[in-house]
Amino acid sequence: MRENLVDWEKVREEFPIRDQQVHGHPLVYFDNAATTQKPRAVLEALRSYYEHDNANVHRGLHELSSRATEAYETARATVAKYIGAANADEIVFTRGTTESINLVAQAWGGKFLGAGDVILLTEMEHHSNLVPWQLLAERIGARLRFVPVRDDGTLALEQIEQLLTPDVKLFAFTHVSNSLGTINPVTELCEKAKAVGAVTVVDAAQSAGHLPVDVQELGCDFLAFSGHKMGGPTGSGALYGRAEMLNAMPPWHGVGEMIVSVTLEKSSFKKAPHRFEAGTPNIAGAIGLAAAIDYIEGIGRGAIFEHDAELTSYAMERFAELSGMRILGPAGERGAIVGFVMDKVHPHDLTTFADQRGLALRGGHHCNQPLMRRFGVPGTTRASFYFYNTKDEIDRMIEILRDAARFFA
Ligand SMILES: Cc1ncc(COP(=O)(O)O)c(C=O)c1O
């Protein structure tokens with residue numbers, strides 16, 4: 001659906017949480033990069049599952065267990081289709097991006113990387129795509145290398161070729177920066193990595209719910225994302241891995257659902273993806289995530305991207321009216337994220353000031369401490385939008401920021 005054919009006001013009404021006062025003011029929720037709100041369709045899918053079908057999956061030979069299993073595996077197929085995976089076996093359900101990246105680091109990295117190998121990352125990575133690699137590198141003696149970030153918040157692409165030496169075995173990077181809003185050229189980066197034989201891991205936490213993401217077009221080996229950042233429940237998410245990658249990886253958690261047989265000394269394991277889903281999975285989470293995907297697809301990812309982009313460029317225009325503001329990130333196209341620093345005001349104080357007026361922003365380092373250091377700031381205040389937000393809400397934010405500038409002057 002085209003952006004201008006969507007009835008956004010009606011869409012907005014599908015999010016019941018928005019209809020409330022916070023500290024005596026109508027809620028304006030601009031903390032969508034941390035987690036998004038949930039549409040009725042998702043809330044209803046969760047309620048219906050627990051009211052009618054709740055049972056454990058793949059275990060009981062009874063009706064409810066078959067229904068739960070079918071819903072869970074259908075959800076896997078929905079996720080696969082959504083991101084263009086070749087088939088549902090390439091989707092592992094996880095708790096979200098963090099768990100997905102840790103899975104790759106431990107199971108793939110633990111087996112295929114060794115002393116002296118280079119893991120290439122970027123300076124703009126969320127701690128979720130940094131710390132798992134640091135832990136792995138320390139354990140196996142691998143080396144970390146980083147693509148620098150330019151002053152305008154984009155990656156120093158002119159340096160990629162010289163950084164991607166043949167000893168780089170893995171390149172992990174974010175699709176959209178959670179602090180800068182930068183949209184990285186994933187296809188180009190994957191192509192360059194492939195040319196030196198490096199495996200690619202894409203952190204799609206900030207893109208999966210906001211723009212069309214197709215793993216075939218991107219050409220990545222792994223892609224991680226979180227359900228709760230795209231209208232789905234917390235504790236839901238997925239790892240995409242190309243079939244041959246997943247099937248070459250050992251399990252990372254033991255017990256439960258992932259074995260074929262167990263003796264006291266040894267076990268044999270199921271194929272991917274079940275090999276990576278030890279114990280009772282988040283069944284309702286997977287079903288809720290599939291409902292969120294259906295909801296997003298009903299609107300259309302192209303339309304959502306256009307709508308997000310329009311809100312973001314409107315916000316950028318309005319921010320430009322304020323003095324004493326430093327906006328981080330690219331001036332041109334960006335994701336629905338604006339991180340800024342207001343002269344003389346600490347991001348925590350500004351966020352608290354905004355909260356008192358019903359406006360939910362986020363203040364701090366956003367799990368991007370190295371990036372904050374790169375820009376010489378302790379943190380930023382971040383406004384992040386989703387398709388249920390409006391220009392009126394952005395106007396309200398600007399009013400509050402003007403008040404804050406006077407208050408803290
Ligand atoms: C770019 C990026 N990567 C990873 C994460 C971690 O996501 P989760 O906490 O859902 O695992 C986030 C969350 O803010 C993020 O923005």
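How far does a polar side-chain atom of Lys-229 lie from an oxygen atom of the ligand? Hold that thought for a second, everyone, and welcome. What we have here is a predicted model, so please keep that in mind as we walk through it.

Back to the ligand. The distance for Lys-229 is 2.6 Å, from a polar atom in its side chain to an oxygen atom of the ligand. Ser-226 gives the value 2.6 Å too, again between a polar side-chain atom and a ligand oxygen. Then there is His-126, where an N or O atom of the side chain sits 3.3 Å from an oxygen atom of the ligand. And how much of the ligand does the protein cover? On its own, the ligand has 390 Å² of accessible area, and the protein covers 86% of that.

Let's look at the whole shell. There are 13 residues around the ligand, and the closest are Thr-98, Asp-203, Ser-226, His-228 and Lys-229. If you sort this shell by class, you get nine polar residues, two charged ones and two nonpolar ones.

Now, please zoom out with me to the fold. The protein chain has 14 helices and 17 strands. Its radius of gyration is 22 Å, close to the 22 Å that the globule rule gives for 409 residues, so the chain is as compact as a globular protein of that length.

How many cavities of 30 Å³ or more turn up when the whole structure is searched? The search finds three. The largest cavity holds about 90 Å³ of space. Its lining is made of 15 residues, and those nearest the centre are Gln-206, His-210, Asp-308, Gly-335 and Ala-336. Helix α11, residues 301-319, supplies the largest share of that lining, with three residues. By class, the lining of the largest cavity has eight nonpolar, five polar and two charged residues.

The second largest cavity has about 80 Å³ of space. Among the residues lining it are Arg-12, Phe-15, Ile-17 and Arg-18, and also Tyr-388, Asn-389 and Glu-393.

Which peptide bond is cis, with omega near 0°? That one runs from Ala-272 to Pro-273. To find Pro-273, go to the loop between β12 (267-269) and α10 (283-299). The other spot is His-366, a residue other than glycine with a positive phi, near 55°. His-366 is in a loop as well, between β16 (362-364) and α13 (369-374).

Notes:
Residues are numbered from 1 along each chain as its sequence is written. This is a predicted model: local features need pLDDT of at least 70, side-chain atom pairs count only at pLDDT 80 or more; totals for chains, interfaces and linings use all residues. Side-chain values use heavy atoms; hydrogens and water are left out. A residue is near a molecule or strand if one of its heavy atoms lies within 4 Å of it. A polar contact is a pair of N or O atoms within 3.5 Å; within protein, one must be able to donate a hydrogen and the other to accept it, and residues adjacent in sequence count only if both atoms are side-chain atoms. Accessible areas come from the Shrake-Rupley method with a 1.4 Å probe; for residues, only the protein chains shown count as cover. Ala, Val, Leu, Ile, Met, Phe, Trp, Tyr, Cys and Pro count as nonpolar, Asp, Glu, Lys and Arg as charged, and the others, Gly among them, as polar. On a 1 Å grid over the protein atoms alone, a cavity is a set of points where a 1.4 Å probe fits but cannot get out, and a pocket is an open set with protein on both sides within 12 Å along at least five of seven lines; lining residues have an atom within 4 Å of a point. Grid points are joined across faces, edges and corners, and a volume is the space filled by probe spheres set on the points. Helices (H or I, at least four residues) and strands (E, at least two) are DSSP runs, numbered from the N terminus. The radius of gyration is taken over C-alpha atoms; the globule rule is 2.2 Å times the number of residues to the power 0.38.
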